[in-house]
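Welcome! Please take a moment to look over the sequence and the model, and then read on for a short tour.

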Amino acid sequence: AMNMPGAGPGEAEAPGGDLTPVKRLQNASTEAARCAMRAGERLRTKIEFAWKSSAGSPNRIPIAVAAALLSLLLARRAGRKAIQGVSTVVATAYPCYVSFKSLSQSDDTLRRKMLMYWVVYGLLRNAETWFDGLLSFLPNYSLAKMALLLWLQRTGAPIVYALGVHPALAANEGRIDAAIATAKSQAERGVQEWAALRASVSQKLRRMVQEQEWARGTV
């Protein structure tokens, strides 16, 4: 099972035998490991079956190699999906619960820490969106990402925020505010133009319908 960062809210055993969020996360990581083991076992079984079924065939080795590669690809994809599911829980579900605890308990220190985490995570997530196609080919990328998220939740987010995010945003705060104001103004203008165009088209359509009804003498 995976160890969660530090002693925090929700780590104690819940009354009545209910599983706490951390326990659920540990169970999810254990299930992901079991899925990977089952995928490996299926891979071995398929390779053995392909090898035995091709006995006596001149294409025995190519068939076994092709079956192994295909099974390895499917197993890798299944394992990646399982790890991605656990990574999503680590990145969002647990921090959401900790953020809720910080708000309900009015814990300013924890609240500030979680705000820093969400800022850092949001920037990383946006960067990942642009480079996900390349990053997905890196070996053990999902595991490395999960380790990074755990480090950010424990002690890393304030460090990254103080050393990298805050200086960068503070130095460009004026430009960012100006860009946001410009984008907001353009969006509002676009909405107004669209509303005016829609009203104009609707008015012209009503006028055309009325003219046709007058021409038929129904009005």
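## How the chain is built

Helices (DSSP runs of H or I, at least four residues) and strands (runs of E, at least two) are numbered from the N terminus. This is a predicted model, where local features need pLDDT of at least 70, side-chain atom pairs count only at pLDDT 80 or more, and totals for chains, interfaces and linings use all residues. Residues are numbered from 1 along each chain as its sequence is written, and side-chain values use heavy atoms, with hydrogens and water left out.

The chain has five helices and zero strands, so reading from the N terminus its elements run α-α-α-α-α. Of its 219 residues, 22% are buried; buried means under 20% relative accessible area, exposed means over 50%, and partly exposed is in between (1.4 Å probe, protein chains only). The accessible surface comes to about 15,200 Å², with 63% of it belonging to carbon and sulfur atoms. Such areas come from the Shrake-Rupley method with a 1.4 Å probe, and for residues only the protein chains shown count as cover.

Contacts tell another part of the story, a contact being heavy atoms within 4.5 Å. Among contacts in the chain with a separation of 6 or more, 65% are between residues 24 or more positions apart.

## Valine 119 and its neighbours

Let us now visit one residue. Valine 119 is found in helix 3, and its relative accessible area of 32% makes it partly exposed. Leaving aside residues up to four places away in sequence, valine 119 touches Tyr161 and Val165. Valine 119 and alanine 157 are 38 residues apart in sequence, and their C-alpha atoms are 8.6 Å apart in space.

## Aromatic rings

A search of the whole structure turns up four aromatic pairs. Rings of Phe, Tyr and Trp (its six-membered ring) pair if their centres lie within 6.5 Å; planes under 30 degrees apart count as stacked, over 60 as edge-to-face and the rest as tilted. Tyrosine 117 and tryptophan 118 are edge-to-face, because their ring centres are 5.4 Å apart and their planes meet at 65°. Tyrosine 117 and tyrosine 121 are stacked instead, with centres 5.9 Å apart and planes at 10°.

Tyrosine 117 and tyrosine 121 both lie in helix 3 (residues 108–135), four residues apart, or about one turn of the helix. Both tyrosines are buried, tyrosine 117 at 1% relative accessibility, while tryptophan 118 is partly exposed at 26%. Together, Tyr117, Trp118 and Tyr121 form one aromatic cluster.

## Salt bridges

How many salt bridges does the structure hold? There are three, each salt bridge being a side-chain nitrogen of Lys or Arg within 4 Å of a carboxyl oxygen of Asp or Glu. Arginine 111 meets aspartate 108 at 3.4 Å, N to O. These two are three residues apart in helix 3, so about one helical turn separates them. Arginine 111 is partly exposed at 27%, whereas aspartate 108 is exposed at 54%.

Glutamate 128 has two partners to meet, arginine 125 and lysine 145. With arginine 125, the closest N and O atoms are 3.2 Å apart, and both residues lie in helix 3. Glutamate 128 is buried, at 8% relative accessible area, while arginine 125 is partly exposed at 38%. With lysine 145, the closest N and O atoms of glutamate 128 are 3.0 Å apart. That pair links distant parts of the chain, joining helix 3 to helix 4 (residues 141–171) across 17 residues. Shared partners join Arg125, Glu128 and Lys145 into one network.
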